[in-house]
Amino acid sequence: MSSMAADNARIAASFGKRSSMIVHKVSPFNAETARDVLTGAELTPLDAFYVRSHGEVPAADASWRLRVGGLVDRPLELSLEELRRRYSEHTLIATLQCAGNRRADLLGVRAIPGEDPWGPGATGTAVWHGARLADVLAAAGLQDGARHVELVGADISDLEEPSRRYGSSINRRKALGEEVLLAWAMNGNELPPVHGAPLRAVVPGYIGARSVKWLDEIAARAEPSTNHFQASAYRLLPADLDPEDARPGDGIPLGAIVLNTAILEPAPETTVPEGPLHVAGYALAGDERTVARVEVSTDRGRSWQQAVVDGPPRPFAWRRWHAELEAPAGAMEIVARAWDSAGSTQPEEPSHVWNPKGYANSSWARVAVIVGA
Ligand SMILES: Nc1nc2c(c(=O)[nH]1)N[C@H]1C(S)=C(S)[C@@H](COP(=O)(O)O)O[C@H]1N2
Ligand SMILES: [Mo]
């Protein structure tokens, strides 16, 4: 192991992660899951689940309470024990995916200063246990004027001047969806510190940024959150706007995930033997849509072959897929695209979706390999 790889392994281990994690930043710790782990199982193991954090993991706080306020009739303050006792526990398999997933492919179009080159591993699927946000809001008495629900965490991001806690918001319709959980457990284990212990929001079908970790405040509001991560970051700016000139409120605020797929196997820029070739990946649809079909092509989309898609179609979780191709000797590009339950499919090229912060790369998955000796 090189000394850099050894350093990364040591840092990953200090956050409870295995050594194959691809570390993008040490402080705050940001790391993506290796391709072979994603192909390996429907549920991503905890020690390999990606981490995306904008500030350091806040210190555990024995006096932690969840406060629910804003436009509600009965503000609440709950310990974890009270939350678990008063509201029924629900279980859901849901995929988290960062809006920066597959940004690396956008970097080939034009530079994206200040953002890390995430590959296809800024995503993972877990079984979450928690209370429904809708049940807690019902107990608090959500007022008619509350059109948005703000979720605030205990961590501080210095991206804001003056520094402010991480926060985000979702609209009323989503907040009342039965899939949105206040989760205290992940894959049957207590929520790990780096994933938001003691409590995090899980907003299935929405970009990861809305699933606020270290959650301690919920506020019903008339307007979307003014927090940096709602008003300025995680917005799709037009391609011709310099992000330095962008003002809060510019661009399209990202909520629902945009249909996307990734090829995990074979790995890019590798040499594979001539003959039958196993291709595998995942696909994920946004909000309540499901992945209906996945196709692969080796002639740049002139003809397509159906992939075998695992599991029944269901919202909020990825569907893993695989296909067996015939690979003739020479250079080959494999592309893949998904279709969702609304009949939408994906744009062809990264340049078709390039945006100044490099979010929501929904373009065809592409992997170039050399077949043969
Ligand atoms: N409090 C807080 N919540 C947060 C973040 C953060 O930095 N602070 N990052 C968000 C982003 S951008 C993503 S993609 C997911 C990542 O969740 P994970 O680290 O558990 O995989 O958490 C979201 N929730
Ligand atoms: Mo993210």
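A residue is classed as buried when its relative accessible area is under 20%, as exposed when that area is over 50%, and as partly exposed in between. In this predicted model, F49 has a relative accessibility of 0% and therefore counts as buried.

**Aromatic pairs**

A search of the whole structure returns 7 aromatic pairs. One of these is formed by F15 and F29, whose rings are stacked, with 4.3 Å between centres and 5° between planes. F15 is located in the loop between helix 1 (3–14) and strand 1 (22–25), and F29 in the loop between strand 1 and strand 2 (30–32), so the pair ties together parts that are 14 residues apart in sequence. The two partners fall into separate accessibility classes: F15, at 26% relative accessibility, is partly exposed, whereas F29, at 2%, is buried.

Together with W128, F49 and Y50 make up one aromatic cluster.

| Stacked pair | Centre to centre | Angle between planes |
|---|---|---|
| F15 and F29 | 4.3 Å | 5° |

**Charges over rings**

Two arginine side chains are placed over tryptophan rings. The charged end of R337 sits over the ring of W304, at 3.8 Å from its centre. R293 lies over the face of W339, at a distance of 5.5 Å from the ring centre.

**Nonpolar cores**

The largest nonpolar core has 64 residues, and the members that touch the most others are L83, W128, I218 and Y234. Strand 9 (residues 181–186) supplies the largest share of this core, 6 residues.

A second, separate core comprises 24 residues, among them L259, A283, A323 and A327. A327 belongs to strand 21 (residues 319–327). Its relative accessibility is 2%, and A327 is therefore buried. Beyond residues up to four places away in sequence, A327 touches E274, G275, L277, M332 and V371. The C-alpha atoms of A327 and R84, 243 residues apart along the chain, are separated by 54 Å.

Notes
Residues are numbered from 1 along each chain as its sequence is written. Chains are lettered from A and ligands numbered from 1 in the order in which they are written. This is a predicted model: local features need pLDDT of at least 70, side-chain atom pairs count only at pLDDT 80 or more; totals for chains, interfaces and linings use all residues. Side-chain values use heavy atoms; hydrogens and water are left out. Helices (H or I, at least four residues) and strands (E, at least two) are DSSP runs, numbered from the N terminus. Buried means under 20% relative accessible area, exposed over 50%, partly exposed in between (1.4 Å probe, protein chains only). Contact means heavy atoms within 4.5 Å. A nonpolar core is a set of buried Ala, Val, Leu, Ile, Met, Phe, Trp, Tyr and Cys residues joined through side-chain atoms within 4.5 Å. Rings of Phe, Tyr and Trp (its six-membered ring) pair if their centres lie within 6.5 Å; planes under 30 degrees apart count as stacked, over 60 as edge-to-face and the rest as tilted. A charge sits over a ring if NZ of Lys or CZ of Arg is within 6 Å of the ring centre and within 35 degrees of the ring normal.
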